[in-house]
Amino acid sequence: MRKRNLVILTGAGISAESGVPTFRAADGLWLGHRVEDVATPEAFERDPALVQDFYNKRRRQLTTVHPNAAHRALAELAARWEGDFLLVTQNVDDLHDRAHAETPAAAGFELIHMHGDLRKARCTASGVVCDWPGDLEPAHASPHHPAGRLRPHIVWFGEIPLEMDRIEQALSRCDLFLSIGTSGAVWPAAGFVQTARMAGARAVEINLEPTAERRLFDEGVYGPASEILPKFLSAL
């Protein structure tokens with residue numbers, strides 16, 4: 001049997017079950033703040049203390065949450081998948097990373113944090129990314145460039161998501177595309193299903209409830225990800 005290539009997109013819904021709050025609430029605020037105040041390059045230049053404090057709190061919270069059954073099921077799937085396996089997450093938490101670290105995985109496993117990673121920092125002058133589990137100060141000097149500061153390694157509004165070329169290449173040759181726990185409303189991730197379908201892939205939406213883009217998928221599976229995903233993946 002020909003090996004199948006798999007691309008998976010995950011969103012806030014998969015981590016919400018672990019207790020990670022979604023950044024954007026129904027009122028459009030990011031945990032009580034306007035997007036313009038904490039999630040743009042201009043906000044960082046205008047008020048670095050507020051921006052660093054916002055992400056410091058999110059980073060500290062990671063120590064209080066743990067991977068759930070959905071994260072573990074994806075890690076277990078990676079361990080047995082025989083084709084190419086790319087997991088793309090819109091989440092900036094480390095729950096996929098931890099679940100994968102706890103599970104012996106296939107050599108071909110790849111994970112892309114397209115919107116960045118809370119556990120990392122980036123030099124504003126050189127662009128060098130480094131591990132950073134602790135707090136960042138308002139004007140934290142960069143060890144990578146004398147004129148640089150360290151900022152959260154987060155893709156802010158107005159910035160391009162990470163590793164888009166790799167993602168597009170994988171979508172263009174995938175046989176199966178899974179969209180898990182995401183509303184399908186944020187671009188460019190919202191267009192992934194169309195790219196995959198153009199490549200001839202089967203597309204499955206796995207979410208708490210159908211999204212506005214349900215019509216673009218071949219199949220829909222609905223309910224809490226930690227309950228429905230392990231069963232669905234075990235059949236692949």
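A word on the source. The model is predicted.

Start with the whole chain. It has nine helices and nine strands. The C-alpha atoms fill a box of roughly 55 × 40 × 35 Å, taken along the principal axes. What about the radius of gyration? The chain has 18 Å. A compact globule with 236 residues would have a radius near 18 Å, so the chain agrees with that rule.

Next, burial. Of the 236 residues in the chain, 47% are buried. Now contacts. Take those between residues at least 6 apart in sequence. Of these, 68% join residues at least 24 apart.

The largest pocket holds about 880 Å³. Its lining has 35 residues. Which of them are the closest to its centre? They are A12, F23, Q90, H115 and V186. Two elements give two or more residues to this lining: helix 1, residues 12-16, and helix 4, residues 48-61. Which one gives the most? That is helix 1, with four residues. By class, the pocket lining divides into 19 nonpolar, 12 polar and four charged residues.

Then the cavities. The count comes to two of 30 Å³ or more. The largest cavity has a volume of about 120 Å³. Its lining is made by 17 residues. Nearest the centre of this cavity lie S179, G184, A189, A190 and F217. Which elements give two or more residues here? Strand 7, at 176-180, and helix 8, at 192-198. The cavity lining has nine nonpolar, six polar and two charged residues.

Now the cysteines. A disulfide is a covalent bond between the sulfur atoms of two cysteines. How many does the structure hold?

Last stop, A225. Find this residue in helix 9, which runs over residues 225-234. Is A225 buried or exposed? At 9% relative accessibility, A225 counts as buried. Which residues does A225 touch, leaving out those up to four places away in sequence? The list is I14, E17, A70 and P230. Now set A225 against A16. In sequence they are 209 residues apart. In space, C-alpha to C-alpha, they are 9.7 Å apart. And A16 falls within the 12-16 range of helix 1.

To recap. The chain agrees with the compact globule rule at 18 Å. The largest pocket is about 880 Å³, and the largest cavity is about 120 Å³. A225, in helix 9, is buried.

Conventions: Residues numbered from 1 in each chain as written. Predicted model: local features only at pLDDT ≥ 70, side-chain atom pairs only at ≥ 80, totals over all residues. Heavy atoms only, no water. Buried < 20%, exposed > 50% of the residue type's maximum accessible area, 1.4 Å probe, protein only. Contact = heavy atoms within 4.5 Å. 1 Å grid on protein atoms, 1.4 Å probe; cavity = no way out; pocket = protein on both sides within 12 Å on 5 of 7 lines; lining within 4 Å. Points joined across faces, edges and corners; volume = space filled by probe spheres on them. Nonpolar A, V, L, I, M, F, W, Y, C, P; charged D, E, K, R; others polar. Rg over C-alpha atoms; globule rule 2.2 N^0.38 Å.
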